[in-house]
Amino acid sequence: MTNDVAERTLSAPDALRPWIDGIEIGAAVDGDAGGVGASREPFTRVPDTATKVVVRVDENGHRDTLVVGPRTRATYHTNKRLASCVQVRLGPGTARPLLGVAAVELVGRVVRLGDLPGASARQLADELRWLEGEDAVGRLMEVLPGRLAGDDDGAGRSRREVLRAAVEALSTGSGHAPSQVRELARRLAVSERQLRNLFAEGVGVSPKHFARIGRVRHVLAHAGSTGWAELAASTGYYDQSHMTADFRTLMGVPPRSFFTGRLPAAQPCQSLGRV
């Protein structure tokens with residue numbers, strides 16, 4: 001019998017919006033020694049546009065407070081053994097005021113929060129390191145609103161509002177395919193270059209790649225519930241072949257091969273990477 005992991009996904013408390021998009025908590029439950037992920041089964045880290053602050057404890061009680069940057073392509077791994085973790089998904093535009101670096105500087109990286117150059121990042125690492133689960137969430141509710149208030153001046157608020165409107169328009173959802181970047185820039189009264197700069201600073205990837213990742217994640221979530229051609233159309237692809245090509249680029253294999261292999265997507269406590 002191996003340990004299992006209890007995973008919970010929480011909506012961001014009102015006090016943490018618009019800086020936090022969601023919180024994921026994982027903890028080992030009773031079973032044999034070995035901690036979270038003791039089975040060593042392979043899993044997939046799917047592409048993800050979010051930057052996350054992670055507080056984790058391994059099977060030996062070692063604690064880390066990390067920043068996990070956006071992932072532009074899938075990677076495949078074997079389970080690690082962890083005892084618990086909390087993952088906080090930062091909202092668009094939060095990386096610079098909270099961590100002291102642009103989101104683009106974190107793409108594909110896992111770094112210790114305290115190693116980032118900003119005083120705010122080091123202070124946050126000290127405050128969170130010894131907390132777990134709900135205690136870490138509670139501490140964030142206490143400190144983040146005041147700490148990020150300085151970014152809420154007129155110019156900062158305007159940039160964040162444009163960025164969030166663009167993120168929503170470029171996201172893929174049920175019955176909602178992402179907008180075309182050129183059309184979106186015109187609608188938001190910014191140039192395409194300005195839009196790319198906003199995404200580099202606040203999200204880490206370009207508007208086009210943000211939309212691509214969203215489409216592929218939508219395919220991952222809905223494959224099997226509808227036919228491939230219908231799924232391609234509803235996700236905003238020109239046709240099924242374009243969907244297959246995009247999926248292969250980001251996931252490393254075409255859709256049919258991926259789902260035949262049945263590798264599960266990583267749960268929050270698995271998707272941390274190495275420092």
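I began with helix α6 (residues 192–202), where the buried residues are L195, L198, F199 and G202. By buried I mean under 20% relative accessible area, with exposed being over 50% and partly exposed in between, using a 1.4 Å probe and protein chains only. Looking down the axis of α6, I found its buried residues within an arc of 95 degrees, so they line one face of the helix. That arc is taken from the directions from the helix axis to the C-beta atoms. After α6 comes G204, and its phi is positive, near 115 degrees.

A note on what I am reading: this is a predicted model, in which local features need pLDDT of at least 70, side-chain atom pairs count only at pLDDT 80 or more, and totals for chains, interfaces and linings use all residues. Residues are numbered from 1 along each chain as its sequence is written, and side-chain values use heavy atoms, with hydrogens and water left out. Helices are DSSP runs (H or I, at least four residues), numbered from the N terminus, and strands are E runs of at least two.

**Helix α3**

Next I looked up α3, which covers residues 133–148. Its 16 residues reach 22 Å from the first C-alpha to the last, close to the 22 Å expected at 1.5 Å a residue. The expected span is 1.5 Å times one less than the number of residues. Where does α3 have its kink? I found the kink at E142, about 30 degrees, shortly before the proline P145. The bend is the angle between axes fitted to the seven residues ending at a residue and the seven starting there. I listed the buried residues of α3 as G133, A136, V137, L140, V143, L144 and L148.

I then turned to E127, which sits in helix α2 (residues 119–128). E127 is buried at 18% relative accessible area. Beyond its neighbours within four places in sequence, E127 is in contact (heavy atoms within 4.5 Å) with R139, V143 and R147. V143 is also on my list of buried residues in α3.

**Aromatic rings**

How many aromatic pairs does the structure hold? I noted five. Rings of Phe, Tyr and Trp (its six-membered ring) pair if their centres lie within 6.5 Å; planes under 30 degrees apart are stacked, over 60 edge-to-face, and the rest tilted. W228 and F259 make a tilted pair, 6.0 Å centre to centre with 45 degrees between the planes. W228 belongs to helix α8 (residues 228–235) and F259 to helix α10 (residues 255–261), so this pair ties together parts that are 31 residues apart in sequence. W228 is buried at 18%, while F259 is partly exposed at 25%. F259 also pairs edge-to-face with F258, at 5.2 Å and 90 degrees. F258 is buried, with a relative accessible area of 8%. Ring pairs join W228, F247, F258 and F259 into a cluster.

**Two more residues**

I looked at T172 in the loop between α4 (154–170) and α5 (181–187). Is T172 buried or exposed? At 17% relative accessibility, T172 counts as buried. Its contacts, leaving aside neighbours within four places in sequence, are P178, A211, G214, R215, H218 and T235.

A95 is buried at 3%. With neighbours within four places set aside, A95 is in contact with L90, G100, V101 and A103.
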